[in-house]
Amino acid sequence: MIIHAPAHLHTGNPDLSGDMGRLYGTVGFAIARPSLEIEVKPAGKDTASDEDAMKFIRRFRGSHDFPPVSVEVKSYIPKWVGLGFHTTLALSIGEGINRLFNLGLSFEEVALSMRRGLITALGFYSLKVGGFIYEGGFPVEKREKVVPPLLFHGEVPVDWLFVVAIPETPRKTIEEVRRREEEILWNLKRMPPELADRLSRIVLMKILPAFAERDIKAFGEGLYQFNHLLGGFWSDYQGNVYCCDIVNEGIKLMLDKAYCACQTSWGPTFYGLVKGEKRAEEVKSAIESFLRENGDGGEVFITRADNRGMVVFDG
């Protein structure tokens, strides 16, 4: 059984206050590139080509009984750069095992068993439905006990393209932060309610209407405003509005040439939204030159949204 699953781009969480009884919520996108591909098949004993894959097999076995399984990761989403590798891997493995052995689990039950996609459900819905996603967070008292509800989902137009940059220089530092992510999130400071109010209003009255009207300019403005305001809140944990100087300057450059510029999750990946391949190539070239001249380079690529989500092939 082959499972093909998209990466995702995180724009942010509108409510880290919790004063209205819910926390987080997430705005973001499933993207066609990079993508994860794994093969799940019966085996004489549990084996995996990746240590994280083996960890998730063991975690799933803690909740369900199934025969030994082999998992081979055939193509990777880069780890620790804000594109959702671990959540995507965990949910893909769980769903692969579920279907291979006819366990009869819903995708929500897979996520609960894997304990992934529960704080922020962007990775969960990127696999389940793809496209542009806004999920509604979880009740404060049910943290990691439920999958947050999907509030809005839409197919991203095919001529709306993302230019995605992964600078090489900060990757090691960000990896160290990501390894402490669970501790940080459990001890996160409380967001001022007035900031949560502003963020939620940007989502409700700018981002969502602009998407519905296919107004890429207003949509991009809303994404940038939302992401930038959130960066100020996270500055206590990442040192500044963005994770490092390279991303800070890269976002300024991208913002001159694209409809938005955002950092995904903890970074160091950042991205812009443009319309049409010509503009996408222009932005890609400018960011590639910037990364060569400011650090150790990195990877810059163009991708569309993935509007279908996870695909499973039997056999």
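This is a predicted model: local features need pLDDT of at least 70, side-chain atom pairs count only at pLDDT 80 or more; totals for chains, interfaces and linings use all residues.

Let's begin with the aromatic side chains. The count comes to 20 aromatic pairs. Phe29 and Phe132 make one of them, a tilted pair. Phe29 belongs to strand β3 (residues 26–42) and Phe132 to strand β6 (residues 132–135), so this pair links distant parts of the chain, 103 residues apart. Both Phe29 and Phe132 are buried.

Now for a pair of tryptophans. Trp234 is in helix α8 (residues 216–238), while Trp266 is in the loop between β10 (260–263) and β11 (270–275), so their pairing ties together parts that are 32 residues apart in sequence. Trp234 and Trp266 are buried too.

Here are the numbers for these two pairs:

| Pair | Centre to centre | Between the planes | Kind |
|---|---|---|---|
| Phe29 and Phe132 | 5.1 Å | 35° | tilted |

Phe29 and Phe132 belong to one aromatic cluster together with Phe152, Trp160, Phe162, Phe211, Phe219 and Tyr271.

The charged end of Arg61 sits over the ring of Phe66, 4.0 Å from its centre. Over the face of Phe233 you'll find Lys189, at 4.9 Å from the ring centre.

Next, have a look at helix α1 (residues 51–61). Its buried residues are Asp52, Ala53, Met54, Phe56, Ile57 and Phe60. The cover over them includes β4 (47–48), β5 (69–75), α2 (85–100) and α3 (107–114). The N-terminal end of α1 has a cap: a side-chain oxygen of Asp50 lies 2.7 Å from the backbone nitrogen of Asp52.

Over in α3, the buried residues are Phe107, Val110, Ala111, Ser113 and Met114. Where do the buried residues of α3 sit, seen down its axis? They fall within an arc of 165°, so they line one face of the helix. Among the elements covering them are α1, α2 and α4 (122–128). Just after α3 comes Arg115, which takes a positive phi of about 55°.

**The nonpolar core**

Here's a handy background idea: in soluble globular proteins, nonpolar side chains tend to be buried together. In this model, the largest nonpolar core has 108 residues. Those with the most contacts inside this core are Ile38, Leu89, Ile93, Phe132, Phe162, Phe219 and Leu223. Helix α7 (residues 193–212) gives the core its largest share, nine residues.

Leaving out residues up to four places away in sequence, Leu223 touches Thr11, Val27, Phe29, Ile207, Cys260, Cys262 and Leu273. Phe29 is on that list, and it's the ring paired with Phe132.

**One serine up close**

Last stop: Ser70, found in strand β5. Is Ser70 buried or exposed? Its relative accessibility is 13%, and buried means under 20%, so Ser70 counts as buried. The side chains of Ser70 and Thr47 are joined by a polar contact of 3.3 Å. Besides Thr47, Ser70 touches Glu39, Val40, Lys41 and Ala43, again not counting residues up to four places away in sequence.

Key. Residues are numbered from 1 along each chain as its sequence is written. Side-chain values use heavy atoms; hydrogens and water are left out. Rings of Phe, Tyr and Trp (its six-membered ring) pair if their centres lie within 6.5 Å; planes under 30 degrees apart count as stacked, over 60 as edge-to-face and the rest as tilted. Helices (H or I, at least four residues) and strands (E, at least two) are DSSP runs, numbered from the N terminus. Buried means under 20% relative accessible area, exposed over 50%, partly exposed in between (1.4 Å probe, protein chains only). A charge sits over a ring if NZ of Lys or CZ of Arg is within 6 Å of the ring centre and within 35 degrees of the ring normal. Contact means heavy atoms within 4.5 Å. A polar contact is a pair of N or O atoms within 3.5 Å; within protein, one must be able to donate a hydrogen and the other to accept it, and residues adjacent in sequence count only if both atoms are side-chain atoms. The arc is that of the directions from the helix axis to the C-beta atoms. A nonpolar core is a set of buried Ala, Val, Leu, Ile, Met, Phe, Trp, Tyr and Cys residues joined through side-chain atoms within 4.5 Å.
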